[in-house]
Amino acid sequence: MKKLYRSTLNRKLTGLAGGIGDWLGVDPTIVRLLFIVSGVFSLGATLLVYVIASVLVPKAPFEVMTPDYPFRYYG
C-alpha cells in the first residue's frame, strides 16, 4: 500500500494536493480544483480540513524527478 505524503516536487502551497494526486493516481490539478469547489460550497470548512491535513501529513522523504516529470500522464 502506498503511503500518503505531501509532495515536494508538485506543490503550489503545501504540497498536499500534489501528494493526494500522486497517491490516488490522478492529476493534482483535479485535486486542487476539487478543494476549491468544495471550499466554496462548504463555506470554508474544507480550508480547515486542508490546514489540519497539511500539518498531519508528512512531507515526502525524497522524490525522484523522472524524465517526463512535468508531463506525467495519469491514465
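Author: Before we start, one term: patches are made of residues with over 30% relative accessible area and no salt bridge, with like charges joined within 9 Å and nonpolar side chains (Val, Leu, Ile, Met, Phe, Trp, Tyr) within 5 Å. A salt bridge is a side-chain nitrogen of Lys or Arg within 4 Å of a carboxyl oxygen of Asp or Glu. Accessible areas come from the Shrake-Rupley method with a 1.4 Å probe, and for residues only the protein chains shown count as cover.

Reader: Fine. Which residues make the nonpolar surface patch here?

Author: L47, L48, V51, I52, V55 and L56 make it, at about 620 Å². V55 sits in helix 3, residues 45-56. V55 counts as exposed because its relative accessible area is 65%; exposed means over 50%, buried under 20%, partly exposed in between (1.4 Å probe, protein chains only). In general, an α-helix has 3.6 residues a turn, so residues three or four places apart point the same way.

Reader: What kind of model is this?

Author: This is a predicted model, where local features need pLDDT of at least 70, side-chain atom pairs count only at pLDDT 80 or more, and totals for chains, interfaces and linings use all residues. Residues are numbered from 1 along each chain as its sequence is written, and side-chain values use heavy atoms, with hydrogens and water left out.

Reader: How many helices and strands?

Author: The chain has 3 helices and 0 strands. The pattern along the sequence is α-α-α. Helices (H or I, at least four residues) and strands (E, at least two) are DSSP runs, numbered from the N terminus.

Reader: And what share of the residues is buried?

Author: Of 75 residues, 28% are buried. The chain exposes about 5,500 Å², and carbon and sulfur atoms supply 72% of that.

Reader: Which residues form the largest nonpolar core?

Author: Six residues: L16, A17, I20, V31, Y50 and V57. Helix 1, residues 16-24, gives the most, with 3 residues. A nonpolar core is a set of buried Ala, Val, Leu, Ile, Met, Phe, Trp, Tyr and Cys residues joined through side-chain atoms within 4.5 Å.

Reader: Is helix 1 mostly covered or mostly exposed?

Author: Mostly covered: 7 of its 9 residues are buried. They are L16, A17, G18, G19, I20, G21 and D22. The cover includes helix 2 and helix 3. Just after helix 1, G25 takes a positive phi of about 80°.

Reader: Now the ends. Which residues does A60 touch?

Author: Y5, R6 and T8, beyond the neighbours within four places in sequence. A60 is in the segment after helix 3. Why is A60 called buried? Because its relative accessibility is 9%. The C-alpha atoms of A60 and K3 are separated by 9.5 Å, with the two residues 57 apart along the chain.

Reader: Last one: what does the side chain of N10 make a polar contact with?

Author: The side chain of R32, at 3.3 Å. A polar contact is a pair of N or O atoms within 3.5 Å; within protein, one must be able to donate a hydrogen and the other to accept it, and residues adjacent in sequence count only if both atoms are side-chain atoms. N10 is in the segment before helix 1. N10 counts as buried, at 17% relative accessibility.

How values were computed
Contact = heavy atoms within 4.5 Å.
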